[in-house]
Amino acid sequence: MSFKLFIDCKKAGHVCDKVQYDESTLAEKIRLRIHILICGSCKKHSEKNVKLTKLCKEAKFQKMTEDKKQSLHRLINEELSK
């Protein structure tokens with residue numbers, strides 16, 4: 001089994017997204033870190049992903065209840081039918 005050390009930007013973007021959702025392997029994290037050392041564009045993308053993840057965790061989003069969804073759906077339909 002060979003360990004490919006360098007990845008392209010497309011793969012780096014995919015790994016960056018996996019890191020954001022805690023779905024990446026240690027090997028992927030290492031490859032991403034190496035890639036962003038030499039690629040400024042991917043470094044910026046990675047930094048933005050880190051900020052987005054932090055903001056989402058701080059926001060403490062809550063799922064809308066089914067009743068609230070239905071009520072909102074009815075209200076939208078009423079407004080659209082006017």
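**Exercise 1. Work out how α2 and α3 lie relative to each other.**

Helices α2 and α3 are oblique to each other, because angles under 35 degrees count as roughly parallel, over 145 as roughly antiparallel, 65 to 115 as roughly perpendicular and the rest as oblique. The model is predicted, with local features needing pLDDT of at least 70 and side-chain atom pairs counting only at pLDDT 80 or more, while totals for chains, interfaces and linings use all residues. Residues are numbered from 1 along each chain as its sequence is written, and side-chain values use heavy atoms, without hydrogens and water.

Step 1: the axes of α2 and helix α3 (residues 40-59) cross at roughly 120 degrees and come within 6 Å.

Step 2: this crossing is left-handed (the near helix is turned anticlockwise from the far one by less than a right angle).

Step 3: contact (heavy atoms within 4.5 Å) involves His35, Ile36 and Ile38 of α2, with Gly40, Cys42, Lys43 and Ser46 on the α3 side. These divide into 3 nonpolar, 3 polar and 1 charged (Ala, Val, Leu, Ile, Met, Phe, Trp, Tyr, Cys and Pro count as nonpolar, Asp, Glu, Lys and Arg as charged, and the others, Gly among them, as polar).

**Exercise 2. Now try α1 and α2.**

Step 1: helix α1 (residues 9-20) and helix α2 (residues 26-38) have axes that come within 10 Å and cross at roughly 125 degrees. That makes α1 oblique to α2.

Step 2: α1 passes α2 in a left-handed crossing.

Step 3: α1 brings Cys9, Lys11, Ala12, Val15, Cys16, Lys18 and Val19 to the contact, and α2 brings Glu28, Lys29, Leu32 and His35. By class, there are 6 nonpolar, 1 polar and 4 charged residues.

Key. Axes are lines fitted to C-alpha atoms, for helices over the stretch in contact, and angles run from 0 to 180 degrees between N-to-C directions. Helices (H or I, at least four residues) and strands (E, at least two) are DSSP runs, numbered from the N terminus.
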